[in-house]
Amino acid sequence: MSPKTKDIILQALRDHPDRYLSGQDLADQLSISRQAVWKAIKDLRQMGHPIESLPKRGYRLDNQPLPLREDKIRQRLIPQIKDLPLWIYPSLDSTNRVLSDLDKERDLPSLSLVLAEEQTQGRGRMGKSFQSPAYTGIYLSFLLKKDQGFSLDLVTIKASLALCLAIEEETDKTPQIKWVNDLYLEGKKIAGILTEGKIEKQGLTQSIVGIGLNFATPREVFQEDLRDKATSLFAQGVCREEIIASCLNHFYDLEKTWTPEEIIQAYSQRNLVLGREVSFLLGDISYQGQAKKITPEGYLLVDVDGQEVCLNSGQVSLLGDWS
């Protein structure tokens with residue numbers, strides 16, 4: 001099915017938002033079979049377009065997004081965290097920033113949660129932006145404080161693993177983690193994690209973990225330079241609230257019941273860089289080598305011409321065909 005056919009059908013649905021278009025009418029308009037129309041509709045749904053269908057009536061584009069509901073999140077949370085402070089905003093510049101401001105005002109407990117339907121200035125690591133269009137993604141931040149019994153070690157790794165486990169639990173998808181904080185599905189990025197810490201005289205005292213997940217973002221919404229690099233979860237029959245609650249449940253479980261060794265093992269099993277050729281920067285110099293292992297501290301060991309280089313931050317790029 002050519003992109004042009006899908007584009008024409010999508011535009012026809014957009015031009016008639018208040019009525020159903022029959023498969024036969026679409027087929028006649030494009031001089032194609034009804035089977036070809038059905039395949040185009042299927043492809044559009046996989047791209048994230050919410051298309052309804054009714055027997056004997058046809059297809060209609062459902063442009064009414066379902067907002068996040070606090071009660072649907074709470075009813076899925078485990079008892080230990082079901083009463084956590086929770087805010088849902090229609091639009092924010094950054095959930096990390098808002099949560100930080102709320103904590104300064106109220107001295108919030110750990111696992112306090114801020115969610116937004118969209119972010120206008122979503123932030124990624126190393127100063128990059130994270131595109132956060134309305135109602136198509138999951139954009140959240142939660143708080144951790146060391147003096148409240150939460151370990152701040154391996155925070156980003158635990159958050160990445162918790163999101164992976166949530167997706168595995170709630171869908172039939174099997175995402176992978178690109179060290180240190182990005183989730184990929186079939187070779188394309190679906191999520192990123194940004195951890196920001198507060199450092200005092202006694203060291204790191206608290207962290208804010210921000211998670212951005214492309215849940216059902218249509219390909220055309222991404223910036224043009226990202227359309228071949230990013231995708232969405234597109235999990236049929238799964239709501240955003242289920243992924244949110246499951247991720248928080250798994251993070252709490254990782255924090256309270258898993259050993260650091262178990263966390264690193266599970267994280268390594270889902271890591272797509274291990275055993276592959278990667279490139280990275282140290283200072284202004286670019287290096288290439290084979291990613292060998294994740295250390296107990298969460299660092300990445302890379303074999304560069306027989307010498308091990310330990311990366312504790314930064315970004316690696318995978319070389320060759322790895323999708």
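I count two rings of Phe, Tyr or Trp as a pair if their centres lie within 6.5 Å. The model I examined is predicted.

**Entry 1: aromatic pairs.** I looked up Phe 142 and Phe 251: their ring centres are 4.9 Å apart and their planes stand at 65 degrees, so I recorded the pair as edge-to-face. The cut-off for that class is over 60 degrees. I then placed the residues: Phe 142 belongs to strand E5 (residues 137-145) and Phe 251 to helix H7 (residues 240-257), so this pair ties together parts that are 109 residues apart in sequence. I noted that both Phe 142 and Phe 251 are buried.

I next looked up Phe 280 and Tyr 287, which form a stacked pair, with 5.7 Å from centre to centre and 20 degrees between the planes. I checked accessibility as well: Phe 280 has a relative accessible area of 3% and is buried, whereas Tyr 287, with 29%, is partly exposed.

Entry 2: I located Ser 286 in strand E11 (residues 285-294). With neighbours within four places in sequence left aside, I found Ser 286 in contact with Phe 280 and Leu 281.

**Entry 3: charges over rings.** I found Arg 60 over the face of Tyr 20, 5.6 Å from the ring centre. I also found the charged end of Lys 256 over the ring of Phe 150, at 4.4 Å from its centre.

Definitions and conventions:
Residues are numbered from 1 along each chain as its sequence is written. This is a predicted model: local features need pLDDT of at least 70, side-chain atom pairs count only at pLDDT 80 or more; totals for chains, interfaces and linings use all residues. Side-chain values use heavy atoms; hydrogens and water are left out. Rings of Phe, Tyr and Trp (its six-membered ring) pair if their centres lie within 6.5 Å; planes under 30 degrees apart count as stacked, over 60 as edge-to-face and the rest as tilted. Helices (H or I, at least four residues) and strands (E, at least two) are DSSP runs, numbered from the N terminus. Buried means under 20% relative accessible area, exposed over 50%, partly exposed in between (1.4 Å probe, protein chains only). A charge sits over a ring if NZ of Lys or CZ of Arg is within 6 Å of the ring centre and within 35 degrees of the ring normal. Contact means heavy atoms within 4.5 Å.
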